[in-house]
Amino acid sequence: MGEESSASVVPLLTPYKMGKFELSHRVILAPLTRQRSYGNVPQPHAILYYSQRTSKGGFLIAEATGVSDTAQGYPDTPGVWTKEQVEAWKPIVNAVHEKGGVFFCQIWHVGRVSNTSYQPNGQAPISSTDKPLTPQVRSNGIDVAEFSAPRRLRTEEIPGIVNDFRLAARNAIEAGFDGVEIHGAHGYLIEQFLKDQVNDRTDQYGGSLENRCRFALEIVEAVVNEIGADKVGIRLSPFASYSEAGDSNPKALGLYMVESLNKYGVTYCHMVEPRMKTVGEMHECPHSLVPMRKAFNGTFIVAGGYTREDGIQAIAEDRADLVAYGRWFLANPDLPKRFALDAPLNKYNRSTFYIPDPVAGYTDYPFLEESLDQPQKEN
């Protein structure tokens, strides 16, 4: 790629049509939990945060957003199940649209990755299982999260949870989002059904691969029926084992899911690279997402430890349509522009990823012009 004379020759910066959405480039803002939605309500400071990261024709996926009052497992994560939350999202979504961005809301239920302090009336978290999760070091590498033993959902309760996702999708559209991404990754509730390391059920939601995928696909079907397949994506991490949610045959799981998703015509499938076994750690690994990429009919998004060069290569080799960036997009609000110019990147500061501060580590990362002017600005 030595002769990158203009952005047009960088595969990552070429236009792409994602279903009905005309994107101007392929650099996506990954869904990133930021823990600054006090009391589970999105805050005005998120207006600046998301609009900073918006480019005309750019695609952004909002941070994981709870579908109900049982969906929470972290401090100050947003929801989309109340009227107040829907109203609070509206100016944030508007700010992205004003700058020409396409914005999807990632809808989420943590399942057993929670404890009673986050649950209504201090009840047990719900899951596919009653197997508890062992304490885990949080992504900041310091705090240890303790989890309460979950309560196994009864078969007849499952349609109610599917309905929570349906209503959350409807609310996201009401808030102005262009669509939703169903969070089926990273050891949360949907994956607690998908993965055989966790799912030990004996009803129609457990046992065989088809049964373990039933809950996820019922959610997909309900959300598609509610808002339309052209507004639906899903995130999956078949190869990962976040929160003790691994699978004995991840390739079969990934293939079964994408082939099933084709039947519903969802706009995109967003998959986490096999090299990302756990949060923030990359591993050498023989597995690849290419079989899933080939089997899926819609837009295929990849995520997980991508650099600019990696992303360019993935697009050039047709291993993906779009590439999601997390930490680099967090630290570089103008990441697509920096990639186009092959400009230097701001380093990210891990210690401020999840602090509640409305500015620090959130909206104070400099843009390219500012970082070039930095020495003159100390007045």
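Residues are numbered from 1 along each chain as its sequence is written, and side-chain values use heavy atoms, with hydrogens and water left out. In this predicted model local features need pLDDT of at least 70, side-chain atom pairs count only at pLDDT 80 or more, and totals for chains, interfaces and linings use all residues.

**View 1. The whole protein chain.** The chain holds 11 helices and 17 strands (DSSP runs numbered from the N terminus: helices are H or I with at least four residues, strands are E with at least two). Its radius of gyration, taken over C-alpha atoms, is 20 Å, close to the 21 Å that the globule rule gives for 379 residues, so the chain is as compact as a globular protein of that length. That rule is 2.2 Å times the number of residues to the power 0.38. The C-alpha trace spans about 65 × 45 × 40 Å along its principal axes. Of the 379 residues, 57% count as buried (buried is under 20% relative accessible area, exposed over 50%, partly exposed in between; 1.4 Å probe, protein chains only).

**View 2. Ser 51 in helix H1.** Helix H1 covers residues 45-52 and includes Ser 51. Ser 51 counts as buried, at 13% relative accessibility. Leaving out residues up to four places away in sequence, Ser 51 touches Ala 95 and Lys 99 (contact: heavy atoms within 4.5 Å).

View 3. Glu 87 meets Lys 83 in a salt bridge (3.3 Å, N to O). A salt bridge here is a side-chain nitrogen of Lys or Arg within 4 Å of a carboxyl oxygen of Asp or Glu. The two residues are four apart in helix H2 (residues 83-98), so about one helical turn separates them. Glu 87 also forms a salt bridge with Lys 90, with the closest N and O atoms 2.9 Å apart. Glu 87 is partly exposed at 36%. Lys 83 is exposed at 55%. Lys 90 is partly exposed at 23%.

View 4. Salt bridges link Lys 83, Glu 87, Lys 90 and Glu 174 in a network. The structure holds 25 salt bridges.

**View 5. Glu 226 and Arg 170 across two helices.** These side chains form a salt bridge, with the closest N and O atoms 2.9 Å apart. Glu 226 lies in helix H5 (residues 209-227) and Arg 170 in helix H3 (residues 158-174), so the pair ties together parts 56 residues apart in sequence. Glu 226 is partly exposed at 26%. Arg 170 is partly exposed at 42%.
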